[in-house]
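Hi,

Here is the structure I said I would pass on.

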Amino acid sequence: MPLPIHPPAQAGFVLPLSITGALVLLLSSLSVQSLVLHSRQVQAAERVRLQAEDRLASAAQRLAAELQGRFACLQSIPLAEWQAGSLPGACPADLDPQVLQQVTIDGQAVELVSWIPQPEGGALQLQLAGGGPRRRYWLTGSGVKELG
């Protein structure tokens with residue numbers, strides 16, 4: 001039995017249909033891939049931001065400990081007056097206040113931008129070296145609180 005011959009109007013519809021389907025699948029997979037890459041980039045940026053905030057908070061904790069320990073004599077003096085030769089008599093002669101003005105946390109330097117003493121504690125502002133983010137903290141005898 002001979003096979004029926006299709007008229008020329010119906011010939012070749014499978015190839016364009018399969019190419020169109022393949023293009024739709026390709027475009028959808030590319031859009032999913034770009035969405036995944038973008039979300040990874042956003043997650044990486046968020047991780048970097050959180051690490052910077054963590055470094056600043058760690059530096060604030062370290063400064064709070066130092067200001068209650070060895071450098072307690074500097075607690076009542078603003079940062080602008082922390083000069084090695086003009087410290088109060090209560091400070092040890094070999095005390096170098098420059099040590100507190102830049103601390104290293106996890107391999108990155110954190111700078112003490114300002115220290116404003118208050119009767120019940122003080123406000124300090126820290127910044128990652130090189131113009132990184134800044135944060136303000138309130139220091140009291142009971143701990144450190146982030147102000148923003």
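**Salt bridges and core**

The side chains of Arg135 and Glu146 come together in a salt bridge, 3.2 Å from N to O. Arg135 sits in strand β4 and Glu146 in strand β5 (residues 143-146), so this pair ties together parts that are 11 residues apart in sequence. Before going further: this is a predicted model, where local features need pLDDT of at least 70, side-chain atom pairs count only at pLDDT 80 or more, and totals for chains, interfaces and linings use all residues. Residues are numbered from 1 along each chain as its sequence is written, and side-chain values use heavy atoms, leaving out hydrogens and water.

By salt bridge I mean a side-chain nitrogen of Lys or Arg within 4 Å of a carboxyl oxygen of Asp or Glu. Helices (H or I, at least four residues) and strands (E, at least two) are DSSP runs, numbered from the N terminus. For accessibility, buried means under 20% relative accessible area, exposed over 50%, and partly exposed in between (1.4 Å probe, protein chains only).

So is Arg135 buried or exposed? With 18% relative accessibility, Arg135 counts as buried, while Glu146, at 45%, counts as partly exposed.

Using that salt-bridge rule, the count is five. Glu46 pairs with Arg49, and their closest N and O atoms are 2.4 Å apart; both residues are in helix α1, three residues apart, or about one turn. Glu53 also bridges to Arg49, at 2.5 Å from N to O, and these two are four residues apart in α1, so about one helical turn separates them. Glu46 at 34%, Arg49 at 35% and Glu53 at 25% each count as partly exposed. A network of salt bridges links Glu46, Arg49, Glu53, Arg135 and Glu146.

Now the inside. A nonpolar core here is a set of buried Ala, Val, Leu, Ile, Met, Phe, Trp, Tyr and Cys residues joined through side-chain atoms within 4.5 Å. The largest one has 27 residues, and the members touching the most others are Leu67, Leu74, Trp82, Val110, Leu124 and Leu126. At least two residues each come from α1 (14-68), β1 (102-105), β2 (108-118), β3 (121-128) and β4 (134-140), with α1 giving the largest share, seven residues.

Cheers
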